[in-house]
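Welcome! Have the sequence and the 3D view ready, and follow along as this briefing visits a few spots in turn.

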Amino acid sequence: MPADTLPNNLTGQLDVLMIDNFDSFTWNLYQQLCLQGAEVTVIRNDAISPTLFPQLKIKSLIISPGPGHPRTDSGISTAAIEYFQGKVPVLGVCMGLECLVDLYGGEIGYAGEIMHGKVSRIRHDNRGCFRDIPQGIQSIRYHSLSAAHSTLPAVLAITSATEESGVIMGVRHRKYTVEAVQYHPESILSDGGNELIKNFLSLRGGTWEENPEARVLDDTLPPFPYEALPSEVTSRPGATTNIPSILEKIYTQRLADVSQAQTTSGTTMEDLQTLLSLNIAPTPIPFIPRIKQLAPGQLALFAEIKRASPSKGAIALTTSPAAQALTYALSGAHVISVLTEPKWFLGSLQDMLHARLSVAHLSNRPAILRKDFILSRYQILESRLWGADTLLLIVSMLPEALLRDLYAFSVELGMEPLVEVNNAREMEIALSLPAKVIGVNNRNLHDFKVDMSTTSRLSDMVADKNVILCALSGISSAKDVQRYASEGVGGVLIGESLMRAEDPSAFIRELLSIPVPSSYAPAWRSSSPLVKICGIRSKDEALAVAEAGADLLGLMFVKKSKRSIGIDTAKEISQAIRNLRFSGPTDATDEESTNMPWFTAQATRLSRTMSTSRPLLVGVFQDAPLHTILSTISEVQLDIVQLHGSEPIDWAHHIPLPVIRVFHIGKEGKGVPHITRGGAHEFILLDSLREDGSGVSGGSGKVVDWDLAKTVVDAGEIVLKDSAVSRDEVKSVGEGASEITEAVSAPTTLPKDHVVVENVATSTKRLTYPLPIVLAGGLTPDNVAGAIAHVQPWAVDVSGGVENEDGSGKDLHKVRAFVANAKGLSLAVGEDSEAKEGSGEEEEFEEEESEEEEEIDAEGAGDKH
């Protein structure tokens, strides 16, 4: 269709043109108009360009209801009012009223109440469209926005308002025949709706002077609105004023944001429900049990990620939510609160998702709290899909009926909400839900003033109730925390102070009075490395190697390896090893309550297990089909699987045992990208890359570059650089950051651990968790102690380095020497000399064997698989 031509249905004389703002109520209004004798033509608000308005010939114009905000969701509606005012009568319904007010510079803001399908009585001025309609009529309302009294342009008059609250229900242009209502006159629940439509359809021309029967210009009628309202309404402080500007702006913006999201393809309510049904949402953890995991006298810490706020401006604009969340989690936070409001707090749902993903693989991760202005079921479903375990519901912002609905819906989705209150009345409502976790906001959202006694005053209301009380806002010292702990408070939310802290981990210890640990060395380094002897070929050999002190026995299931064994032999070995019963003192350390990075946690757990258990059986596979691996596990009853080829990382999720994954280390460190990615395989093995172009390791007798291996270990499982941004580098972000005038960026750090690596060139420090690895590749009884001293691995792996001269089996003297040297033990008299005699022949044997085993390619099965 050419841009300068009207569609055929709009050519010629039209009676009533109605612009549809994509709302189902449009057609109810259409039916009502038709029943009153009007011929109505309906077009969507994006059907034509405003440049075509001069070609339209209409007798009257109606702007329909619709979702969202007039500036973002009304299409051509406002432009149509502007063009046709003074020419023809114009009636706006709901969105139509908001477009009219917005056109003349008034503000559309939070009405102070959310009314969806609720009935209110209204009073009116008995003029214009309200002529001869009784007072106190019932009106059905579906809105939470309305015109702000304080900013209503002088050219517009208020024509009606609710009796109980004084919310504007109608406005009228003082000169032109332009009128609008905030309720739905077309509904059967609205009194006088037909009369109002008849009055509108009787208007002619574009001014009230042309319609004296409407009595709009009759100054003998009583004034309106507030002089005509009951005195108990006009005497209320909030009757003629709106709520504070910041909260109003935030609420209004969030309404518009939600409306836009709901009408955007891919993020509609139906889209979100589909995603939920497909189990796309990350698995939640129970909120209440997590915040009850407390040491005696300790409070639950809600550590917040917040870039900025309306009251404080910029706080830490360049902070990485993922890094900050991991810092909090490893420092002992029970909950991580993430601000997701984008305009004033500069947050996002992506921030929350990244925070969630960064802690996903911790054994006791904190709960993720979405902190936002939640006002619809849509946002609750959205929260669940983006990884929240809980969310914030603000009592002061929500009508009680809506609050109850949102609370119930959140619980239905598995998220017990944190319900925020600020006074006794709100506390009563929260308790009646019944909320199980209640946060008292020490900051009043109406004036943003902080009163630290607010929580104290309300704490008695939850005494002897099954409620966890939390203190929110203004907490910045251990003294504050101790005060609330003495009053029976169960948790504290701390945001700004943590975000500004130079060392959040140390600050958390200070806040919660946690002693500084005597050592930062990881627990797996508190004992000698584990020893894996690979390439076991018989039951007797397995029993002998187990007796020698090996922790792990490797069984080869790579057919081209000379050490490969069949299923029957493997079953014999398994039965014999499982019949062994080693016993010892039980390590009662509760590491599960302390968060550690993925590989650190796995290594620590297995190291503690090995102190009291038999040797574990490791099945070594190289590029075998998954079904073969699973079948072998079942038949042989393996304990661990080692993947020594190019198997997909995700296979670890399908294998019902811990998985060791090999990384083939070549020249210049090739083969280690993404080595620290956790959540799939439990253990990492470094082996030397073969030089035959196969792309795999093992079977060559080649020693891994120990310097490189040490660099991998020392670089750590988590590496983050401290960063600071100068004030001059920070710029205002969007309109919502207009109040953010100063940036103070808090550096992101992690808790100190055993290794601190300093970058001399930049003078920055990287605090790390040493990466626990299994070191393989060319190890022998002679060099293993040196390798361990240099690299400091979690475990060592050997095969050819402890075999007899002809390579037909293990040399038990070498095995004992290897285990002893790896674990720092002393050999019995005679054993040491025998081992040394054998080791003298090892180098020559290794050279011969490297040629012999080129066909093996058994990745990660030891030093020479």
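Is Lys-810 buried or exposed, going by its relative accessibility? With a relative accessibility of 9%, Lys-810 counts as buried, because the cut-off for that label is under 20%. Keep in mind that this is a predicted model. The points below start with charged pairs and then turn to a strand and its neighbours.

**Salt bridges**

- Side chains of opposite charge can pair when their charged atoms come close.
- By the rule used here, the count of salt bridges comes to 29.
- Glu-400 itself is partly exposed, at a relative accessible area of 32%.
- Asp-714 and Lys-710 form another salt bridge, with 2.9 Å between the closest N and O atoms. Both belong to helix H23 (residues 706-715), and because they are four residues apart there, about one helical turn separates them. Asp-714 counts as buried at 16% relative accessibility, while Lys-710 counts as partly exposed at 28%.
- Our opening residue, Lys-810, has a partner too: its side chain meets that of Glu-803 in a salt bridge (3.1 Å, N to O). Glu-803 counts as buried, with 0% relative accessibility.
- Elsewhere, salt bridges that share partners link Arg-254, Asp-257, Arg-370, Asp-372 and Glu-382 into one network.

**Strands paired with E24**

- Strand E23 (residues 640-643) runs parallel to E24, and three bridges join the two. Look for Val-641, which stands opposite Val-659 of E24.
- Strand E25 (residues 683-688) also runs parallel to E24, joined to it by six bridges. Here Phe-663 stands opposite Leu-686 in E25.

**The loop between E24 and E25**

- Pro-673 is found in the loop between E24 and E25. Pro-673 counts as exposed because its relative accessibility is 56%, and the cut-off for exposed is over 50%.
- Pro-673 is ten residues from Phe-663 in sequence, and their C-alpha atoms are 9.2 Å apart in space.

Technical notes
Residues are numbered from 1 along each chain as its sequence is written. This is a predicted model: local features need pLDDT of at least 70, side-chain atom pairs count only at pLDDT 80 or more; totals for chains, interfaces and linings use all residues. Side-chain values use heavy atoms; hydrogens and water are left out. Two strands pair if DSSP finds at least two bridges between them. Buried means under 20% relative accessible area, exposed over 50%, partly exposed in between (1.4 Å probe, protein chains only). A salt bridge is a side-chain nitrogen of Lys or Arg within 4 Å of a carboxyl oxygen of Asp or Glu.
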